[in-house]
Amino acid sequence: MGTPPKAAGAFRTIGEVAAELNVAQHVLRYWETRFPQLRPLQRAGNRRYYRPEDVTLARRIDELLNRDGYTVKGVQQLLAREGGAPVEAVAPPPDAMAFPDVLATLRAIRAGLTDALRADEA
């Protein structure tokens, strides 16, 4: 038997959020440096605890960057305009979808670079 699921309002560790979003923990730490709205609580030993609103924001950042084709700068500008609050439907930048093959190639390159960095760290 596994552990029961956490309540909706429970804090999440960085590992739990990373697993939910299917991103590496270092990506979440990087996002914290780029998006001032994303500020999980930090306890002893710099352990991060994400509140439900932090998880929602991290999910939104992930969707904008990895699904909708925004750049980090584009997401920064969007969140600054929104005041950090999630917006239901936002159209992707028009240029991002004009070249789907280029986007797929760039995503493959990003994945390769991520793998190379992980191998280098090991």
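This is a predicted model: local features need pLDDT of at least 70, side-chain atom pairs count only at pLDDT 80 or more; totals for chains, interfaces and linings use all residues.
**Entry 1: Val 75 and the core**

I then asked which residues have the most contacts inside the largest nonpolar core. They are Leu 28, Trp 31, Leu 38, Ile 61 and Val 75, in a core of 20 residues. I noted the elements that give two or more residues to this core: helix H1 (14-21), helix H2 (25-34), helix H3 (52-67) and helix H4 (72-82). H3 supplies the largest share, six residues. As background, I recorded that nonpolar side chains tend to be buried together in soluble globular proteins.

**Entry 2: H1 against H3**

I next examined how H1 packs on H3. The angle between the two helices is about 35 degrees, and their axes lie 11 Å apart. I recorded the crossing of H1 and H3 as right-handed. From H1, the contact uses Val 17, Glu 20 and Leu 21; from H3, it uses Val 55, Ala 58, Arg 59 and Asp 62. Sorted by class, the contact of H1 with H3 holds four nonpolar and three charged residues, and no polar ones.

**Entry 3: The sheet**

I turned to the strands and traced their order. Three strands make an open sheet, ordered S1-S3-S2, with antiparallel pairing. Why is one side of S1 and of S2 left without a neighbour in the sheet? Strand S1 (12-13) and strand S2 (41-43) stand at the edges and have a single partner strand each, so one side of each lacks a neighbour there.

I followed the pairing of S1 with strand S3 (residues 47-50), which is antiparallel over two bridges. Thr 13 has Tyr 49 of S3 as its bridge partner, and Arg 12 stands opposite Tyr 50 in S3. On the S2 side, I found three bridges joining S2 to S3, again with the strands running antiparallel. Here Leu 41 stands opposite Tyr 49 in S3. Tyr 49 is therefore named in both pairings, as bridge partner of Thr 13 and opposite Leu 41, in a sheet where S1 and S2 stand at the edges.

Finally, I asked which side chains of S3 are buried.

Technical notes:
Residues are numbered from 1 along each chain as its sequence is written. Side-chain values use heavy atoms; hydrogens and water are left out. Two strands pair if DSSP finds at least two bridges between them. Helices (H or I, at least four residues) and strands (E, at least two) are DSSP runs, numbered from the N terminus. A nonpolar core is a set of buried Ala, Val, Leu, Ile, Met, Phe, Trp, Tyr and Cys residues joined through side-chain atoms within 4.5 Å. Buried means under 20% relative accessible area, exposed over 50%, partly exposed in between (1.4 Å probe, protein chains only). Axes are lines fitted to C-alpha atoms, for helices over the stretch in contact, and angles run from 0 to 180 degrees between N-to-C directions. A crossing is left-handed if the near helix is turned anticlockwise from the far one by less than a right angle, and right-handed if clockwise. Contact means heavy atoms within 4.5 Å. Ala, Val, Leu, Ile, Met, Phe, Trp, Tyr, Cys and Pro count as nonpolar, Asp, Glu, Lys and Arg as charged, and the others, Gly among them, as polar.
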